[in-house]
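Please open the structure in a viewer and keep the selection tool at hand.

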Amino acid sequence: MLEIGARAGQSTPMTDPITPKPAPDQANDATTLLTAWKAAQAKLKTGRIDSPAIDARLLLEAASGASRMDILTDPYRVITDDQLSAYEAMVERRLKREPVSRIVGKKGFWKIMLNVTPDVLSPRPDTETLMDVSMLAFSRNEAFEAIDLGTGSGAILLALLAERPAAKGVGTDISSEALAVAKENAANLDLNDRAVFLRTEWAAGFGDASFDLVLSNPPYIPTDHIATLDPEVRDHDPHLALDGGPDGLQAYRDLAPEVKRILKPLGVFAVEIGWDQGPQVKALFEAAGFTDVKIIKDLGERDRVITNGPDPRTNPIPKD
Ligand SMILES: C[S@@+](CC[C@H](N)C(=O)[O-])C[C@H]1O[C@@H](n2cnc3c(N)ncnc32)[C@H](O)[C@@H]1O
């Protein structure tokens, strides 16, 4: 049994960069946001979970309905027994290496919040490199048409449409369950009038030279490596979203000629890659007929995107 319901007034001194008000007089057995948070942090730390303070806070927000600001400015707020039970159950799930995004059913990407389910990849910060390229390639008020191949939760397409109000786009996926999540996210973000989602193999069914921007974050993990991934990924992301075939490159072999076919002559494409796949994927897109193909690094200085578009690491990113 978890002991995260530590009692108010019995917590250890705080080490967080916040200065709480003194604890008000309250019943000795009341559990507060602060005592619950501290006890959960200790539990996650003992369970060797990365970033225990952040994970414990995100779970506390979900279980108690308190915001991050509430937790920092009103730490002695008492939480109910039901909230505490819900929090304890969430912390137990995290200790079994279920990611926070799966437990709370939400994940932030770029500037939007998305619902996520076991049917979709939990969007990653690495994928925001595709956004950096797109922001540079198309200015804020430009009208253009984009497609996101293998859209999953809709993360890339919806983040793009939220930033570019005159753009329209299509998201495709082979998984109808993933597409249901993407459609729900589009509706929640009020983007469903500009986003269409279709079940198909990559770009099958779309005409030649249809799009100004083609984006994709396909599966790129070599099949044999999947068993070696962290449990958060291996056991909780759909294998359809991870498995790139024996050498991890199968999706790029399928995608390169399709991207060439559906992209307008002056269009831009950008695909995410694994950090060690740059030269091979660049060669596949060159073989499909693209010139000026570049390898773009992510903010961690690792190869992350192949594109014929601008390099955000050497060009200023527009501020609007
Ligand atoms: C790595 S996930 C990316 C999801 C999302 N775009 C993101 O970045 O968070 C790859 C997606 O490609 C989809 N997919 C796999 N094979 C596909 C295929 N042959 N045609 C279309 N989509 C496919 C998977 O279902 C999955 O949603």
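The model shown here is predicted. Begin by selecting helix 2 (residues 52-64) and helix 4 (residues 81-95), whose axes come within 9 Å and cross at roughly 140°. The crossing of helix 2 and helix 4 is right-handed.

Next, display the side chains where these helices touch. On helix 2, select Asp55, Leu59, Leu60, Ala62, Ala63 and Ser64; they meet Gln83, Ala86, Tyr87, Met90, Val91 and Arg94 of helix 4. By class, the residues of this contact comprise 8 nonpolar, 2 polar and 2 charged.

Now turn to the largest nonpolar core, which has 61 residues. Select Ala146, Leu158, Ala159, Leu213 and Val214, the residues with the most contacts inside this core. Helix 7 supplies the largest share of the core, 7 residues. To view the surroundings of Ala146, leave aside residues up to four places away in sequence; Ala146 then touches Leu157, Leu160, Ala167, Gly169, Phe211, Asp212, Leu213 and Leu215. Another core, of 19 residues, lies apart from the largest one and includes Ala66, Ile71, Met90 and Val100. In soluble globular proteins, nonpolar side chains tend to be buried together.

Finally, select the ligand. Which residues come nearest to the ligand? Of the 21 residues around the ligand, these are Gly150, Gly152, Ile174, Asn217 and Ala241. Helix 7 (155-163), strand 4 (168-173) and helix 10 (239-242) are the elements that each give two or more residues to this shell. Coloured by class, the shell shows 11 nonpolar, 8 polar and 2 charged residues.

Definitions and conventions:
Residues are numbered from 1 along each chain as its sequence is written. This is a predicted model: local features need pLDDT of at least 70, side-chain atom pairs count only at pLDDT 80 or more; totals for chains, interfaces and linings use all residues. A residue is near a molecule or strand if its C-beta atom, placed from the backbone, lies within 6 Å of it. Helices (H or I, at least four residues) and strands (E, at least two) are DSSP runs, numbered from the N terminus. Ala, Val, Leu, Ile, Met, Phe, Trp, Tyr, Cys and Pro count as nonpolar, Asp, Glu, Lys and Arg as charged, and the others, Gly among them, as polar. Axes are lines fitted to C-alpha atoms, for helices over the stretch in contact, and angles run from 0 to 180 degrees between N-to-C directions. A crossing is left-handed if the near helix is turned anticlockwise from the far one by less than a right angle, and right-handed if clockwise. Two residues are in contact if their C-beta atoms, placed from the backbone, lie within 7 Å. A nonpolar core is a set of buried Ala, Val, Leu, Ile, Met, Phe, Trp, Tyr and Cys residues joined through C-beta atoms within 7 Å. A residue is buried if 20 or more other C-beta atoms lie within 10 Å of its own, exposed if 12 or fewer, and partly exposed in between; C-beta atoms are placed from the backbone.
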